[in-house]
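Biologist: I'd like to learn how to read a few features in a model like this one. Can you take me through them?

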Amino acid sequence: MKRPPRSPPLAGAAPAGIREAIELHRSGRLAEAVAAYQRMLAALPDEPQLLLGFGTLLLQAGELQRGLALLDRLLAVAPNHPVALSNRGNALRSLGRAAEALASYDRAIAAKPDYASAYYNRAALLQELRRFDEALRDYDRAIALSPQLADAHWNKALLHLVRGNYEDGWRLYEWRWQGPQKDEVRSFAQPLWLGREPLQGRRILLHAEAGLGDTIQFCRYAPLVSALGAQVALEVQAPLQSLLATLKGAHRLVRRGDPLPEFDLHCPLLSLPLALKTTVAAIPAAVPYLFADPQKVNDWRLRLGAAARPRVGLAWSGSALYSNDRERSMPAGLLAELLSLPVEFHVLQKEVRPDDLARLQRLGRVQWHGERLHEFSDTAALVELMDLVVSVDTSVAHLAGALGKEVWILLPFNPDHRWLLDRSDSPWYPTATLLRQSRPGDWPGVVTEAVRRLAAFAARHEPD
């Protein structure tokens with residue numbers, strides 16, 4: 001879910017030095033804005049626009065405590081400042097202080113009942129807390145006040161999707177092109193296909209968007225589009241090209257950045273559930289739909305040798321650049337009890353964060369193959385030799401599911417929409433088992449359940 005925006009102040013009729021600081025901030029020249037804010041605050045330490053602007057900038061830079069302190073200074077002299085109250089709520093939310101954040105949003109709305117951004121920000125926190133009906137009311141209020149508030153439409157889409165309301169969810173998901181993915185819009189002369197026109201004899205370009213896991217999950221729609229009579233060209237990210245060459249239904253595979261073939265229509269991959277009217281009951285879930293390269297599997301088999309214990313592939317963290325990585329990735333130190341089990345662990349992540357690998361290798365039997373995982377077909381071949389994959393919500397989880405490999409997916413309290421709510425299975429991946437936090441941040445509880453299950457699994461799968 002997208003983080004709430006933090007609103008910078010308006011320059012208005014402020015003195016020239018204040019206007020300069022605010023304009024530098026608004027134009028993204030943040031280092032210069034910091035210097036300008038600091039210079040002006042030295043002369044005007046209680047100026048509301050400076051405190052708001054510099055406090056907001058610090059929040060954007062991740063300096064939450066410093067930013068919060070400046071907003072609190074502003075609120076000491078202007079206790080009903082709605083933007084400061086809303087931005088303060090965002091800071092408290094990022095610090096995990098949900099009750100205080102809600103109180104701050106409440107104060108912002110009381111001070112300015114027509115403040116759409118405050119309703120949106122409060123809704124986003126309520127959604128994180130799984131207070132979905134309240135969140136939906138706040139999104140609707142924000143949209144009524146600001147009909148083009150794209151992020152509110154998009155977050156509302158995610159709320160519907162995680163609850164299984166796919167009809168409204170996929171329709172509203174198209175707002176991503178005006179919200180979080182507005183910089184990724186592809187401009188083609190050919191029209192967008194969303195299921196209305198017949199495809200018999202037409203050429204259609206299906207193109208990847210967002211992350212690698214999304215492409216692995218939604219490339220499954222290419223055979224369905226082909227079955228409608230279309231000639232399908234599938235454009236994918238370079239690390240996935242050799243893996244997705246095993247997908248049936250794509251007549252031509254194109255690496256992103258290479259010249260495109262001629263086509264009549266196009267559709268982004270994550271618009272295909274809308275185009276094909278996908279419901280939870282009608283998710284195309286036949287697996288495997290991707291396959292490991294037999295030669296690469298054999299190469300890994302020779303490299304690993306005979307297994308003395310059950311083999312388990314492991315992924316505990318994803319890209320730190322992902323906006324919601326704080327929720328979906330797990331501290332490696334929490335895996336100590338899991339790694340004490342009589343299992344041969346193989347790290348399926350190509351990238352490992354500083355100190356994580358050494359810590360894990362001290363804890364148990366862990367082998368890392370990052371220098372050999374050049375592309376996803378390499379990872380797929382390694383996964384093929386695992387008895388089980390245990391992964392947080394990353395592309396590794398999608399890869400294992402698409403290959404039809406048994407996978408346990410470790411999920412936060414407020415999961416990504418694709419995993420739905422309060423179920424241990426996934427209609428997207430029949431071989432997946434979902435292990436969920438029972439409360440926000442409860443990774444220890446998830447690991448305890450994984451340990452219990454893995455002990456039983458290891459006892460059943462001792463090599464001959």
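**Reading the model**

Modeller: Let's begin with a side chain: N155 is buried, at a relative accessible area of 0%. Buried means under 20% relative accessible area, exposed over 50%, and partly exposed in between, with a 1.4 Å probe and protein chains only. Before we go on, this is a predicted model, where local features need pLDDT of at least 70 and side-chain atom pairs count only at pLDDT 80 or more, while totals for chains, interfaces and linings use all residues. Residues are numbered from 1 along each chain as its sequence is written, and side-chain values use heavy atoms, with hydrogens and water left out.

Biologist: Where does N155 lie, and which residue does its side chain join in a polar contact?

Modeller: Look in helix α9, residues 150-162. Helices (H or I, at least four residues) and strands (E, at least two) are DSSP runs, numbered from the N terminus. The side chain of N155 makes a polar contact of 3.1 Å with that of Y139. A polar contact is a pair of N or O atoms within 3.5 Å; within protein, one must be able to donate a hydrogen and the other to accept it, and residues adjacent in sequence count only if both atoms are side-chain atoms.

Biologist: Now the sheet. In what order do the strands come?

Modeller: The general idea is that strands of a sheet pair through backbone hydrogen bonds, either parallel or antiparallel. Here 6 strands form an open sheet with parallel pairing, in the order β7-β6-β5-β8-β9-β10. Its edge strands, β7 (366-368) and β10 (432-436), each pair on one side only. Two strands pair if DSSP finds at least two bridges between them. For β9 (residues 407-411) and β10, there are 5 bridges in the parallel sense, and V407 stands opposite A432 in β10.

Biologist: And backbone angles? Which residues other than glycine have a positive phi?

Modeller: As background, most residues other than glycine have a negative phi, and most peptide bonds are trans. A210 is not a glycine, yet its phi is positive, about 55°. A210 sits in the loop between β1 (203-207) and α11 (212-218) and counts as partly exposed, at 37% relative accessibility. D422 also has a positive phi, near 55°; this residue is in the loop between β9 and β10 and is exposed at 62% relative accessibility.

Biologist: Which residues does a cis peptide bond join?

Modeller: V287 and P288, with omega about 0°. P288 lies in the loop between α14 (272-275) and α15 (294-304).
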